[in-house]
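Here is a short report on one structure. Take a look at the sequence and the model first. Then read on, one topic at a time.

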2 protein chains.
Amino acid sequence: MSRIYNFSAGPAILPEEVLKEAASEMLEYNGTGMSVMEMSHRSKAFEEIITDAEKTLRDLLKIPDNYKVLFLQGGASQQFAMIPMNLMKNRVADYINTGQWSKKAIAEGKLFGKVNVLTSSEDKTFSYIPDLQNLKISEDADYVYICHNNTIYGTKYNELPATGDKILVADMSSDILSEPVDVTKYGLIFAGVQKNIGPAGVVVVIIREDLITEDVLPGTPTMLKYKIHADNKSLYNTPPAYGIYICGKVFKWVQKLGGLEAMQKINQEKAAILYDYLDTSKLFRGTVVKKDRSLMNVPFVTGSDELDAKFIKEAKAAGFENLKGHRTVGGMRASIYNAMPIQGVKDLVEFMKKFEAENL
Amino acid sequence: MSRIYNFSAGPAILPEEVLKEAASEMLEYNGTGMSVMEMSHRSKAFEEIITDAEKTLRDLLKIPDNYKVLFLQGGASQQFAMIPMNLMKNRVADYINTGQWSKKAIAEGKLFGKVNVLTSSEDKTFSYIPDLQNLKISEDADYVYICHNNTIYGTKYNELPATGDKILVADMSSDILSEPVDVTKYGLIFAGVQKNIGPAGVVVVIIREDLITEDVLPGTPTMLKYKIHADNKSLYNTPPAYGIYICGKVFKWVQKLGGLEAMQKINQEKAAILYDYLDTSKLFRGTVVKKDRSLMNVPFVTGSDELDAKFIKEAKAAGFENLKGHRTVGGMRASIYNAMPIQGVKDLVEFMKKFEAENL
């Protein structure tokens, strides 16, 4: 058995050299005589690991000094509550609905205040990003919320809503580090790491300092206050230390590849191989309108449930794993995150061509 | 460089054979062609990992069928809020104060209702477990809360408070799996795994089914409801999958050693080596009253800050790591969790004897 091409939507493929390094350091990390898993989070060795991870992430995303970087637990789902609990001072927020994950964020926001859905693409199974012109941003909205890349549907914001002086909050779980980001356009960016960064169990939050206050909603648990984690540099309680260590290695790996400009070029090249084929194929077609296509998640269908099932089965047998689409979309989905080698996409397209020739 | 003896209070030493297995499976787990870190949490392979982990834990602790086992995030600190948010129906709870961690739980409980501190050992730096006779349990208390083993102070409950029909809730972060437990005496047991079970970032909750209800305090985030996690078998959102996988391996390791009766015997033997020496030493002495001594955390002092510092420095140089006591107690603390080999304790005592001879 060897490693297969893993097109999972998340948890997802990680860079092989990161895994190799982690394996070689499992029993003894860097002369400490212990595994990173066994290390006090107050130790000098771990302090270096987390400080370094933050520094590399700051370099990659060019995060300004007036933003804090937090490594937290609970995933994006917990952020759906932390965001209103910390930011909803007027108990009003605007959300754009582009799929299951924004719907979950909306439902959670409603536990804490008035939520306005500015616009939605639900009418066409979220296969596009809604028109962002002339949005009626609420006058008293505490923030405007978007899901920047929609894992299930394969859409992505290529421009941002004009939110004026309102704070823009973005879930970037499935496209963080896939391309450069102008962090200054956001008040808060968050990402569960298990797609483009590391193992599940860590969520990265990038938050503008002035949004970190003691003034949270009544009944907010201590662990759900950004201020506690910011004041304690993500070490208020024991952090998910091993996960953070792997994230740090992935940050370094992206840096070595040339940073986010280089990463974007690679991702565009990789995605183009698949999209160009989908646009010419007589059997397969993409499900997303062209201008809103994600570089990370590529859903496609044959139009026949039977053929879709046959394709997924044969692809699996040939070493292309996790190509089944989400049940709400059907068909197939290839998640081609940063760590997916270009050869994986080339091989997949070759396989699709062969399947097309045999089944058209 | 080789592995040293790591007496850290947590994150702490893990069984070497578990780390070796994890290293060997890092790139390809069990014929899946991928690392456990890269695996969809909805995959068959991961379902087997989490189901197996739960099953082994149930076997070890003889957890009755009417209790659920949950693998959550956020550590013990998040449980300090989840417990009142889910259980404090009358907004009243009783706590026993045996150290810093119960104090934190008490402070968090106060965010949600009336907290009565039944008794405390703060008068003597938490060096004992308070008298548990004639406790004035509140008539309308929703639960009684204890911290079963106090990591910082090295104390442990050897009997339980008589709570009558009140639910007993216990933080067992630092002694879970160190000895058999009668789970039926508790309504809820929780433990951050980073001391006796696995890598930081997972918390195990064992909760009686009738306590899992929709009836939580208003404003409780979805992720902080036990019911959501119980209904979804800890897979409501992406769990800390790699951590759970390591926990499963540690559970198997304990099982292979003979389960909790065998583990208890080993722990008693290990602790006795250290306590017996402390009781006869003319230089070192334990700080805890004998009947309340922990099997896991052994604080001791020389009586001189200077000598303490000298000991810690020389011990570190000799390969005994993380022996510095918590700043609130001073002196030294040897945490001798399940994974600390008996030889580690023997070698430590030999080293202490040598130090005593040289410095008395």
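How many bridges join strand 12 of chain B to strand 14 of chain B?

## A sheet in chain B

Four bridges join these two strands, which run antiparallel. Strand 12 covers residues 297-301. One bridge pair can be named. Val298(B) has Ala334(B) in strand 14 of chain B as its bridge partner. Keep in mind that the model is predicted.

The sheet has three strands. Their order is 11-12-14 in chain B, and the pairing is antiparallel. The sheet is open. Strand 11 (285-286) and strand 14 (332-335) of chain B stand at the edges. Each has a single partner strand, so one side of each has no neighbour in the sheet. In general, strands of a sheet pair through backbone hydrogen bonds, either parallel or antiparallel.

## A loop residue: Lys291(B)

Now look at the loop between strand 11 and strand 12 of chain B, where Lys291(B) has its place. Is this residue, Lys291(B), buried or exposed? Lys291(B) counts as exposed, because its relative accessibility is 59% and the cut-off for exposed is over 50%.

Sequence and space tell two stories here. Lys291(B) and Tyr128(B) are 163 residues apart in sequence. From C-alpha to C-alpha, Lys291(B) and Tyr128(B) are 8.3 Å apart in space. Leaving out residues up to four places away in sequence, Lys291(B) touches Ile129(B) and Asn158(B).

## Two helices that cross

Two packed helices are described by the angle between their axes and the distance between the axes. Take helix 8 (residues 305-317) and helix 9 (residues 342-359) of chain B. Their axes come within 11 Å and cross at roughly 135 degrees. That makes helix 8 of chain B oblique to helix 9 of chain B. The crossing is right-handed.

Which residues of helix 8 of chain B make the contact? They are Leu307(B), Lys310(B), Phe311(B), Glu314(B) and Ala315(B). Helix 9 of chain B brings Leu348(B), Phe351(B), Met352(B), Phe355(B), Glu358(B) and Asn359(B). By class, this contact has seven nonpolar, one polar and three charged residues.

## A buried serine in chain A

Ser77(A) lies in helix 3 (residues 75-87) of chain A. Why does Ser77(A) count as buried? Ser77(A) is buried because its relative accessible area is 7%, and buried means under 20%.

What does Ser77(A) touch? Set aside its neighbours within four places in sequence. Ser77(A) is then in contact with Trp101(A), and with Met223(B), Tyr236(B) and Asn237(B) of chain B.

Technical notes: Residues are numbered from 1 along each chain as its sequence is written. Chains are lettered from A and ligands numbered from 1 in the order in which they are written. This is a predicted model: local features need pLDDT of at least 70, side-chain atom pairs count only at pLDDT 80 or more; totals for chains, interfaces and linings use all residues. Side-chain values use heavy atoms; hydrogens and water are left out. Axes are lines fitted to C-alpha atoms, for helices over the stretch in contact, and angles run from 0 to 180 degrees between N-to-C directions. Angles under 35 degrees count as roughly parallel, over 145 as roughly antiparallel, 65 to 115 as roughly perpendicular and the rest as oblique. A crossing is left-handed if the near helix is turned anticlockwise from the far one by less than a right angle, and right-handed if clockwise. Contact means heavy atoms within 4.5 Å. Ala, Val, Leu, Ile, Met, Phe, Trp, Tyr, Cys and Pro count as nonpolar, Asp, Glu, Lys and Arg as charged, and the others, Gly among them, as polar. Buried means under 20% relative accessible area, exposed over 50%, partly exposed in between (1.4 Å probe, protein chains only). Two strands pair if DSSP finds at least two bridges between them.
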